[in-house]
Amino acid sequence: MTDFLNDWGLTAVTFVPLVGALVMMAVPAAEERLLKQLALLASLAAMAIGGLLMLDFDYGKAGSLQFAVDARWIEVINSRYILGLDGISLPLMALTLVVVPLCVIYSWDHIPEPGNPKAFFILMLILETGMVGTFVAQDLILFFVFFEVVLLPMFFMIGVWGGENRRYASIKFFLFTLFGSALMLLSFLALFFLSTDPATGESLRTFDMRVLSDVAGAGILNSTQVWIFAGMFIGFGVKVPMFPFHTWLPDAHTEAPTVGSVILAAILLKLGTYGFVRIAVPMLPDGAEAWAPWIGLLAVIGIIYGALACLAQTDMKRLIAFSSVAHMGFVMLGIATLTDFGINAAIFGMVAHGIITGMLFFLAGSVKERYHTLEIRRLGGMLVQAPRMGWILGFVSMASLGLPGLAGFWGEFPAILSAYSPAEGLPVETFRTYMVVAAVGTVLAAGYLLWLLQRTAMGAPKAEFADSEDVVDVTRTEWIAWVPLLVGIILFGLAPGLIFDVTDPAVVGLLVSGG
Amino acid sequence: MLGSVLTLAFERPAIDWHAVAPELTLLGFGALLTLVDIVWLERGRAVVSALASFGLLASMVPILTLAWDGADRSTFWGAYVIDDYALVMKAVFLLAGYVVVLLSTNYIAEGDYWENEYYQMLLSAVLGMVVMASARDLVTIFVALELLSIPAYLMATWRKRDLRSNEAGLKYYLMGVFASAVLLYGMSLLYGTTGSTMLTDIDAVVSGGGAPLAVVTLGVIFVVVGFGFKVSAFPFHTWAPDTYEGAPTPVTAFLSVASKAAGFVALLSLVFVGFWGRADVYQPLMWALAAASMFGGNLMALRQTNVVRLLAYSGVAQAGYMLAPLAVAGESLATADDALSAVVTYLAIYAAMNLGAFAVIIAVARRTASAEIGSYKGLFRYSPGLAVAMTIFLMALAGIPPLGGWYAKFEIVLALISPGTAWGVALGVIVAVNSVIALYYYARIASHMWVETPPESVDFDTTTPIKVPTSVTAALVLTGAATLAFGILPQWVGHFTDVSLVAALAG
C-alpha cells in the first residue's frame with residue numbers, strides 16, 4: 001500500500017476525477033441518476049485516496065516533500081512531471097478533496113437552470129483535477145498548466161448556469177485571470193533563464209520548484225527580481241484577488257451558480273495565495289522584500305475597501321463576495337510580513353476562509369432557492385420561517401467575523417499579530433500601521449455581518465414571503481453537504497494546531513532555504 | 001564531335017532518388033489522377049478523392065524511411081536538401097493536405113463542382129510545398145512558390161457560379177502575382193550583389209560583409225515583404241479576409257494552414273540559411289512585422305461578425321506570433337535553434353487546431369448554410385459534440401492549457417526571452433498581451449455556442465444534432481486528438497521539431 005501511495009498516490013488523487021469525467025462523457029445524458037452517482041463516486045474516490053495519503057503522511061517530516069514523483073514530461077524545455085506533498089500543500093489539497101464531493105451532493109437536487117447535469121458534473125470534476133494538481137505540482141510549467149486547467153470549466157460554469165448577466169461576468173473572469181497568468185508565465189521563463197547554481201555560477205535552466213526555492217534567486221540581480229516578482233504579483237494577485245485587480249470577483253460570484261461560487265471562493269482564490277507562498281516569496285526573496293510593503297498596503301486597502309463595500313451592498317451574494325476581498329486581504333497581510341508566523345496564519349486563513357465562505361455561499365444559494373431573490377431588503381425573519389437555516393447563518397457569520405473559538409479567528413488574529421513584527425529588513429512602523437488598520441477592518445467585518453444577519457434572519461418575515469410554501473427549513477441533502485463544513489469550523493476553531501502543526505515545518509523550511 | 005558537345009553541354013546531376021521519392025510519389029499520383037479523368041471521365045469521380053488521399057499518405061512512406069535513415073542528404077548541387085527540418089515540414093504539409101481532402105470530399109462532390117481537377121490542383125499545390133521545404137536556392141524557392149500558388153488561385157474560385165468565390169480568386173491572384181514580382185525583385189538584388197542563387201553562397205557574401213549594406217537591406221526587405229503576403233502578415237494581409245470568405249471553405253482551410261506554412265518555410269530557409277549573419281537587417285524588420293501583425297490582426301478580429309473572416313484576422317495575428325522569434329533569431333546560434341524550433345512547433349500545432357476549427361465550420365454550415373457568428377447561437381444545446389469540438393479548437397488557438405496552442409505560444413515566448421535582450425522581452429510581453437486580446441473574440445464565439453439559446457426565427461432546424469459526414473468526422477478526430485495530445489504531452493511534437501538549420505555554422 002505504501003509503495004502504491006509513494007509511486008502513484010498523488011497522480012491518482014489528481015487524475016481520478018478526470019477519469020470519472022471521461023467515463024461520464026460516454027454515458028448518455030438521459031441517465032441522470034447514473035451520472036450523478038458516477039460524479040459522486042469519482043469525487044469520493046479522490047477523497048478516499050487523499051485520506052490514505054494523509055494517513056500515510058509522515059507528520060514528523062511535514063517540511064519535506066513526500067510521495068514525490070519525478071518523471072519525464074517535456075524534455076526539450078527541461079520541464080518534468082514532478083508532484084509532491086508537504087505541509088503547505090496538504091491542508092489545501094484536503095480542503096479541495098472535501099469541498100468538491102460536498103458540492104456534488106448539494107447539486108444532487110439543485111441543478112441550476114438550464115439543467116444538463118451531465119455537463120455540469122463533468123466540468124466540476126475537471127475543475128477538481130486542475131485544483132488538486134495545482135496544489136501538488138512541483139514543476140513551474142506543470143503548475144502553470146494545472147493553474148490554467150481550471151479556467152475553462154469555471155468559464156462555462158458561470159457562462160452556462162449563471163444568472164442574467166452571466167455572459168459579461170464569465171468573459172470578464174476569463175480575461176482577467178488569463179491576463180494575470182500570461183504575465184506570470186513570462187516571470188516563470190525569466191526564472192528559468194536567470195537562476196544560477198550558487199556553487200558553480202552556472203545557469204540552471206530548470207523549472208523544478210524544489211531547486212528554484214533552494215537557490216532562492218541566487219545570481220539574479222535585485223532590480224531584476226523586482227521585475228520578475230511584479231509579473232507573478234499580477235498573475236497571483238488577480239486570482240487572489242487583491243485590490244485593485246478584484247473587480248472580476250463580485251461579478252463572477254453574483255452570476256455564478258451556487259456550487260460555482262462555493263468552489264470559486266473555497267478553492268480557486270487560494271490558488272493565488274498558494275502561488276505567493278509556494279513560488280513568489282521563496283524563489284525571489286529580494287523581490288518579495290522590495291514588494292512586501294506594497295503588498296501589505298494593498299492588503300489593508302482590500303480589507304477596508306472590501307468591508308466598506310460590504311456595508312453598501314443590497315444583494316446578499318454580492319456582500320459575501322466583497323467580504324472575500326476583505327478576508328483575502330488578511331491572508332495577503334500575513335504573507336506580506338514574510339515571517340513564518342505570518343505565512344502560517346495565511347495558510348490557516350486560506351483554509352478557514354475556504355470552509356466559512358464556501359458555507360456562506362451554500363447558504364446564499366439555498367436562500368435564493370427559497371425566496372427567489374437575494375435582495376437583503378426583501379428578506380427577513382428567517383429564524384421564524386426556517387429556524388435551523390437561520391441559526392446556521394448566524395453561526396457561520398460569527399465564524400466569518402472572527403469569533404474566538406471558531407475557525408475564522410485563527411486566520412485573522414495571527415495575521416494581524418504577525419504585522420507587529422515583520423521580517424528583518426521590512427519597515428516596522430509601516431507594518432504596525434497596517435496592523436492597526438487591519439484591526440479596524442475586523443470591527444467593520446463584525447458590522448456588516450451582524451447587519452446582514454439582523455436584516456435577513458431576525459425580525460418578522462416580510463409579507464410577500466410570509467405564506468410562501470417555498471420557504472422550508474434545511475433539507476436532507478443540504479444537511480449532508482453542510483455538516484462536514486460546520487464540524488470543520490468548530491474543530492479547527494478549537495484545535496487550530498491540527499493545521500498549524502502541519503504547515504509550520506514546511507513554512508519554516510521554505511523561508512530558511514530562502515534566507 | 002556532336003556527341004561530345006551534347007554530353008558536355010548537359011551534365012546530369014547525381015540525383016539521390018531516395019531523397020526525392022516523396023515528391024516523385026506525389027507527382028505519380030497527380031499523373032494517375034489525370035489518367036483516371038481521361039480514361040473514365042465521369043465514372044472516375046467516385047474514386048478521385050480516395051486516390052488523392054491515398055497519394056498523400058503514400059508520400060509519407062518515403063518521408064518515414066528518410067527519417068529512419070536519419071542522414072542529411074543534399075542533391076542537385078546543394079539546391080535541394082533533406083534534413084530533419086525539411087522532413088518535419090513535409091510531413092506537416094502532407095498530413096494537412098490529407099485532412100483537407102477529408103474536408104473536401106463531401107463539399108466538392110455535393111456542390112457539383114469539378115472533382116478530378118480539384119484534387120489534381122490540390123496535389124500539385126502540396127507538391128510545391130513539399131519542394132519548398134527542401135529548397136535552398138532562390139530559383140528552386142521561386143519555382144516551388146509558383147507551383148503551390150497557381151493551383152491555389154484556381155482552387156479559390158472553385159465555386160464558379162458564386163460571385164464571391166470569383167472575387168476571392170481574383171483578389172488572391174492579383175495580390176499574389178504582385179507579391180511574386182516584389183519577391184523576384186528582391187531576389188534579383190540578392191543575386192546581383194552576391195553572384196549566386198544558392199542560399200549558402202549568399203550567406204557567405206552577405207554575412208561576411210562582402211556586399212553593400214543598402215543593396216542587401218533592400219533585397220532582404222523585398223524578399224520578406226514578398227513572403228509577407230503569403231503568410232498574410234500585417235499590412236500585407238488585405239487579400240486574406242475576402243479570399244477566405246469567398247473561397248470554398250475547405251480551400252480556405254488549406255490556404256490558412258498549408259499555404260501559410262509554406263510561406264513560413266521559405267522565410268525560415270532564407271533567414272537561417274540565406275542571411276542569418278545579417279541580424280542587423282532582418283531583426284528590426286521582423287520585430288516590426290510581428291508586432292504589427294499581432295496587434296493589427298487581433299484588434300480587427302475583435303469586430304468581425306463572420307467566423308471565417310474572424311479566423312482570417314486571427315490568422316494574421318498567428319502569423320505575428322510565428323514571425324516574433326525571427327526578431328531575435330540572430331542573437332546567437334543557440335537562439336537561432338530555439339527560434340527555428342519555436343516556429344516549426346507553432347506551424348505543426350497551428351495546422352492541427354486551425355484545420356479542426358474549419359472542420360467544425362464546414363460541418364455546421366451544412367445545417368446553417370452560414371458562417372455568421374450569430375448562427376452558432378445555442379449550438380451546445382442541439383449539437384453538443386460539435387460545440388465541444390469547436391471550443392477545444394478555439395481555446396487551443398487562444399493558447400489555454402492543456403490544449404495544444406499553449407505549448408506553441410510557450411515555445412515562442414521561450415525563444416523571445418532566451419537571449420535576454422530588451423527587444424526580445426518587450427516582444428514577449430506583446431505576445432502575452434495579445435493572447436489576452438485574442439481570448440476575447442475566441443471566448444465570444446464559445447459563449448455564443450454555450451450561453452445563448454438557439455435562435456428562433458431561422459430557417460434551419462435547431463432541435464436535432466447536426467449530421468456530420470464520415471470524412472469530416474475523421475478530420476475532426478484526427479485534428480482533435482492531435483490538438484489534445486500536443487497540449488498534454490508536448491514532448492511528442494517537441495521531439496520532432498527540435499531542429500536546426502544553423503548547425504553547419506556551429507560546426
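Is A:Leu123 buried or exposed, and how many other C-beta atoms lie within 10 Å? In this predicted model, where local features need pLDDT of at least 70, side-chain atom pairs count only at pLDDT 80 or more, and totals for chains, interfaces and linings use all residues, A:Leu123 is buried because 21 other C-beta atoms lie within 10 Å (buried means 20 or more such atoms, exposed 12 or fewer and partly exposed in between, with C-beta atoms placed from the backbone). Residues are numbered from 1 along each chain as its sequence is written, while chains are lettered from A and ligands numbered from 1 in the order in which they are written.

A:Leu123 belongs to helix H4 of chain A, residues 117-136 (helices are DSSP runs of H or I with at least four residues, strands runs of E with at least two, numbered from the N terminus). Apart from neighbours within four places in sequence, A:Leu123 is in contact with A:Pro153, A:Phe156 and A:Met157, contact requiring C-beta atoms, placed from the backbone, to lie within 7 Å.

Between the chains, 29 residues of chain A are in contact with 25 residues of chain B. On the side of chain A that touches chain B, H7(A) gives the most, with 15 residues, and the classes on that side comprise 23 nonpolar, two polar and four charged residues (Ala, Val, Leu, Ile, Met, Phe, Trp, Tyr, Cys and Pro count as nonpolar, Asp, Glu, Lys and Arg as charged, and the others, Gly among them, as polar).

Notes: Two residues are in contact if their C-beta atoms, placed from the backbone, lie within 7 Å.
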